[in-house]
Every structure is written in C-alpha cells, then in structure tokens.
Amino acid sequence: MNKMTAYSAGVNYLATIEKNSNVAVPIPLPHTVTDDKHHCFQGYAPRGWTRQIADIIEPFIDVGQSDSSDTCADVMSLLETYDYLKLYGLDCEASVQLLNCLPNRALDDRQNNAPSLHCLLDMCVHGGSDIDLSGYVITPLRCDERISIDALMVYRFGNSSCDIAGMTPEEVWKHVVELGNMQCFATSPDEIIWRRPFWAPHRQGWWIWWD
C-alpha cells in the first residue's frame, strides 16, 4: 500500500464527512468524564467518525464482551452502547480498507509505545494471510474516539523457510522489525508469546503485544 495514496484517501475522507450533516460536530462532554485518563482533545475528525468504519470492523468485534446474549448484535448498536470495543483478527483486506478511508491523524495514532496504526496496518497488508491484528475501538461515546492496534499475530514470515515455532522471542521481534521497516523503532513489545488464538483456533503463531 502506497503511503501517499492512503494519506490522500484520508484527506478526501475527512473532507467528505465534514460535509455530511449527519455527522455530529465535536462538543464538550460533562466534566465527570473529562478526567486525566480520558482527557478530551480535538479528535481526529468530527465526532462520530468511527461510525463510518462500522462495516469494516464489524467482523472483528469481540461481541462476547457485551452483556447481551445476542452474539450477532448490530455493530451500530454496539457503538452507541459501549465506549470501548475489542477487536481481534483484523485481516489484510480490512487493513487495506482502513488505510484508504481513515483520517490522516487517526493513522498516526499509537497505543503507548507501539508502532503507529499506519505502520501496523501497512505491515498486515504486506504480510497477507501470515499476519493479523488486534486492538480496540473507542466509540463516539467518549471524546477520545479512535481505533488503536496494540497487538499482532504472526503465523509465518512470508516465503521464509525458517521454523517460526523454533524461534526465540528476540529472533521473532528482529524479523518483525525488518518486515515492518521499523529499524528506527527501538521500543520492544511488552509480550511475545507462542499461542493458538481463539479467533483462529486452527492456527498457531507469535502473539506480539504492547501494553
């Protein structure tokens, strides 16, 4: 995915939703939710912008976190009910779509010391079926509305014949840095473990996570 293409698409997307009268403009929230943990900021786009990506993220939302017994809950209802939604197994196709529609500033978001959203989405695109992503969405119910990626699962390193299961965590991280062209990104993950993810129980790989 060409970065300039994704960034240009982000600019066009932002201009489009700013013209959309159905998208609410940012408004101040009550002081009770404007604390140090959820400090309000201008936001990446007009309030409610994550509704525009609902169809893209719907297959990856962990609906089991809700109190509802309806595991097929409508994604728009979830966005209006919960302020935090977990995402698991976001794939290459969804990454391409997000790169082409997210506002530029949203793509620059990062989970604490993790690589940027743009970097991880781009890595997933180039990794194809060998990589998927996990993270969360902060919905329009909060003023720090965003989508963040805090983990990736690596099942294979492209056409490499190396035994990925036999690698050490240090070797895995070295390969990820090279794959993502992150040589200047010095912060290591908080967790690198071999696991079988519940969203892809037929596969095993390395779980790489930032707190």
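This note goes through the predicted model point by point, from its confidence and overall make-up to single residues.

1. Basis of the values. The model is predicted, and local features need pLDDT of at least 70, while side-chain atom pairs count only at pLDDT 80 or more and totals for chains, interfaces and linings use all residues. Residues are numbered from 1 along each chain as its sequence is written, and side-chain values use heavy atoms, with hydrogens and water left out.

2. Confidence. The mean pLDDT (the predictor's confidence in each residue, from 0 to 100) of the protein chain is 77, with 71% of its residues at 70 or more. Over residues 1-39 the pLDDT is below 50, although the model gives this stretch 59 contacts (heavy atoms within 4.5 Å) beyond near neighbours in sequence. Residues 66-72 also stay under 50, and for them the model has five contacts beyond four places in sequence. Where pLDDT is low, the predicted coordinates should not be read in detail.

3. Overall make-up. The protein chain holds seven helices and five strands, taken as DSSP runs numbered from the N terminus (helices H or I, at least four residues; strands E, at least two). From the N terminus on, their order is α-α-α-β-α-α-α-β-β-α-β-β. Of the 211 residues, 48% count as buried, where buried means under 20% relative accessible area, exposed over 50% and partly exposed in between (1.4 Å probe, protein chains only). Among contacts with a separation of 6 or more, 65% come from residues 24 or more positions apart.

4. Nonpolar cores. A nonpolar core is here a set of buried Ala, Val, Leu, Ile, Met, Phe, Trp, Tyr and Cys residues joined through side-chain atoms within 4.5 Å. The largest one has 48 residues, of which Leu102, Leu121, Leu133, Ile147 and Leu152 touch the most other members. Helix 6 supplies the largest share of this core, six residues. A second, separate core of five residues includes Ala151, Met153, Tyr155 and Trp207.

5. Helix 7. In this helix (residues 169-179), Val172, Trp173, Val176 and Val177 are buried. They lie on the same side of helix 7 because they cover an arc of only 135° around the axis, the arc being that of the directions from the helix axis to the C-beta atoms. Glu170 and Lys174, on the other side of helix 7, are exposed. The buried residues of helix 7 pack against helix 6, strand 3 (146-154), strand 4 (191-195) and strand 5 (205-209).

6. Helix 4. Within residues 92-101, which form helix 4, the buried residues include Ala94, Ser95, Leu98, Leu99 and Cys101. Aspartate 91 caps the N-terminal end of this helix, with a side-chain oxygen 3.4 Å from the backbone nitrogen of glutamate 93.

7. Glutamine 111 sits in the loop between helix 5 (104-107) and helix 6 (117-127), and it counts as buried because its relative accessibility is 12%. A polar atom of its side chain lies 3.4 Å from the backbone oxygen of aspartate 211. Neighbours within four places in sequence aside, glutamine 111 is in contact with Tyr136, Ile149, Asp150, Trp210 and Asp211. Aspartate 150 lies in strand 3 and is buried, with a relative accessible area of 6%.

Conventions: Polar contact = N/O pair within 3.5 Å; in protein donor to acceptor, adjacent residues only side chain to side chain.
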